[in-house]
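Open your viewer, switch to a cartoon view and keep the selection panel at hand.

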Amino acid sequence: MVVDIPERLQEPVAAALTWFNESRNSVFEVSGIVDFEDALSASSLESFQFGLVLCDGEICDKAQIRCVPHDDGFKFSIVEGRLSDIPVLLDPPNGVRANWLDQVLEKHEFVVLLFYRGLW
């Protein structure tokens, strides 16, 4: 489920997801993006970056992507070694998966999640 992606970035995010999954033979879905503010102000010819928050039903991960406009599409690369507020691996505890929160919210009015050093 894609959440809160600005319209201007929807096409590059979708293309970056396809590139990421094909290059790693994975089946991640985008659950959101981070560090994208500079990408919104980039011209149509400038390269930009954004962080993809990716989930595959088992684990969640974050990848910082460099996007370079090219012909009618984009070229992508991973930005290595970038410090971020989101740790590289966001694996939930055993038994807690991506659908857990939706299932709990169906039963309760609200849920309190506790995050400690990027883990939950």
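In which sense do β1 and β2 pair, and over how many bridges? They pair in the antiparallel sense, over five bridges; two strands count as paired if DSSP finds at least two bridges between them.

Before moving on, a word on the model: it is predicted, so local features need pLDDT of at least 70 and side-chain atom pairs count only at pLDDT 80 or more, while totals for chains, interfaces and linings use all residues. Residues are numbered from 1 along each chain as its sequence is written, and side-chain values use heavy atoms, with hydrogens and water left out.

**The whole chain**

Select everything and color by secondary structure. You will find three helices and four strands, in the order α-β-α-β-β-β-α from the N terminus. Helices here are DSSP runs of H or I with at least four residues, strands are runs of E with at least two, and both are numbered from the N terminus. Of the 120 residues in the protein chain, 30% are buried, where buried means under 20% relative accessible area, exposed over 50%, and partly exposed in between (1.4 Å probe, protein chains only).

**Along the strands**

Two pairs to pick out are Leu-52 with Ala-63 and Cys-55 with Cys-60. Is β2 enclosed or open? Seven of its eight residues are buried, so β2 is largely enclosed by the rest of the structure.

One of the pairs is His-70 with Gly-73. Zoom in on the turn of this β3–β4 hairpin: two residues lie between the strands, and Asp-71 there has a positive phi of about 50 degrees.

**Into the core**

Show the side chains of Phe-50 and Leu-52. Among the 20 residues of the largest nonpolar core, these two touch the most other members. Such a core is a set of buried Ala, Val, Leu, Ile, Met, Phe, Trp, Tyr and Cys residues joined through side-chain atoms within 4.5 Å. The elements that give two or more residues to this core are α1 (7–24), β1 (29–34), β2 and β3, and α1 provides the largest share, five residues. Stay on Phe-50 and display its contacts (heavy atoms within 4.5 Å): leaving out residues up to four places away in sequence, its neighbors include Pro-12, Val-13, Ala-16, Ile-65 and Cys-67.

**A salt bridge**

Select Asp-35 and Lys-62. A search of the whole structure finds one salt bridge, meaning a side-chain nitrogen of Lys or Arg within 4 Å of a carboxyl oxygen of Asp or Glu. It joins Asp-35 to Lys-62, with the closest N and O atoms 3.7 Å apart. The pair links distant parts of the chain, 27 residues apart: Asp-35 is in the loop between β1 and α2 (37–41), and Lys-62 is in β3. Are the two buried or partly exposed? Lys-62 is buried, with a relative accessible area of 10%, whereas Asp-35 counts as partly exposed at 29%.

**Last stop**

Finally, select Leu-113, in the segment after α3 (100–107). Its relative accessibility is 33%, so Leu-113 counts as partly exposed.
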